[in-house]
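We will go from one stop to the next, with a short note on what to look for at each.

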Amino acid sequence: KPLSLVHFNSKPMLSGLGAARMCQLLLGCTTMALVAHSAGFSATYGTYCMFVWCFCFAVTLVVFTMDMTRLHGCMPISWDNFTVAFAMLATLMYVTASIVYPVYFLRSECPPEGCEVRNYRIAVTVCSSVCCFAYGAEVFITRAKPGHVVGYMATVSGLLKVVQAFIACIIFGALANDSEYNRHIPTQYCVVVYSLCFAITVVVVALTVSGRTSSLRFPFDRFVVIYTFLAVLLYLSAAVVWPVFSFDKKYGTPGRAEDCPRGKCPWDSKLVIAVFTCANLVLYFTDLVYSQRIRFVSHSAA
């Protein structure tokens, strides 16, 4: 009898969402095959790219299989929230991999391994870039639309939570790459800001995906608005403090030294952190605006 619960559902394959996921699987498999066959990868950046392609392919395959067999109904999570959150994350991961791989492995001249390797690396870059649009299409299809009841992660505010957490990971990577953040107490304060906001954002996403928000003893939407407001204030302070103690000549280095090694230059890491701190500040502010809008609409409907 348990076997009767598992049956083939062809509807996902015939929908636009199913077409997007099949493109993701096809392009992801092609990318991994090209890298494994001849394009190759090495060092930390190459390992990251390969991890992105393998991880996204594996999760997409599980999601596609679960939809085809309707087994996702047996999982103790909010399936719609999980799939749209993963699609957003996969889009961001593929975008970074599509930028990192050609920057570190693709040159106009042929490598020592031969011109065939360069051609394979071009094909990898193209397939990875096109796959970004496949995952982006899934986000576009499953996003919140007027008049439709959807999960929180499908709203602009929910999608921004994923982007905020991802950008925080980029900041952490730059911090770990000789950023010299421990030289000043104010820059250590910035690290606390990044860590605190990242942790709470991940908790918000985890609670939403697990479907546990309704069991909380406090109004979840109000908590999200208050936290987002505080995150805006914290990131605003970090956006001021970090550049001052990194690039002001009294505390840091205004310009990049000519002999600073590529990939291991503290000034580069400081610049990356400053740029993405401002980016996350804009995202949190936008999130605050949309969070207020969601609450207003829900209260008006009530």
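A word on the record used at the first stop: UniProt positions are given in the numbering used here, feature names are shortened, and annotations may be inferred rather than shown by experiment. This is a predicted model, where local features need pLDDT of at least 70, side-chain atom pairs count only at pLDDT 80 or more, and totals for chains, interfaces and linings use all residues. Residues are numbered from 1 along each chain as its sequence is written, and side-chain values use heavy atoms, with hydrogens and water left out.

**Stop 1: the annotated spans**

Select residues 45-64, 84-106, 118-137, 149-176, 191-211, 223-245 and 271-290, which the unreviewed UniProt entry lists as "transmembrane region". Helices (H or I, at least four residues) and strands (E, at least two) are DSSP runs, numbered from the N terminus. Residues 45-64 are 100% helix and 0% strand, with 29 Å between the end C-alpha atoms. Now try residues 118-137: that span is 100% helix and 0% strand, and its end C-alpha atoms lie 29 Å apart.

**Stop 2: a salt bridge**

The structure has 3 salt bridges, each a side-chain nitrogen of Lys or Arg within 4 Å of a carboxyl oxygen of Asp or Glu. Show the side chains of Arg21 and Asp67, which form one at 2.3 Å, N to O. Arg21 belongs to helix H2 (residues 16-39) and Asp67 to helix H3 (residues 43-69), so the pair ties together parts 46 residues apart in sequence.

**Stop 3: H4 and H5**

Two packed helices are described by the angle between their axes and the distance between the axes. Axes are lines fitted to C-alpha atoms, for helices over the stretch in contact, and angles run from 0 to 180 degrees between N-to-C directions. Select H4 and helix H5 (residues 115-142), whose axes are 8 Å apart at an angle of about 160 degrees. H4 is therefore roughly antiparallel to H5 (angles under 35 degrees count as roughly parallel, over 145 as roughly antiparallel, 65 to 115 as roughly perpendicular and the rest as oblique).

**Stop 4: H4 and H6**

Which residues in H4 meet H6? Val84, Ala85, Met88, Leu89, Leu92, Met93 and Thr96 meet Leu159, Val162, Val163 and Phe166 in H6, where contact means heavy atoms within 4.5 Å.

**Stop 5: H6 and H8**

Finally, select H6 with helix H8 (residues 220-247), packed at about 30 degrees with axes 14 Å apart. H6 and H8 are therefore roughly parallel to each other.
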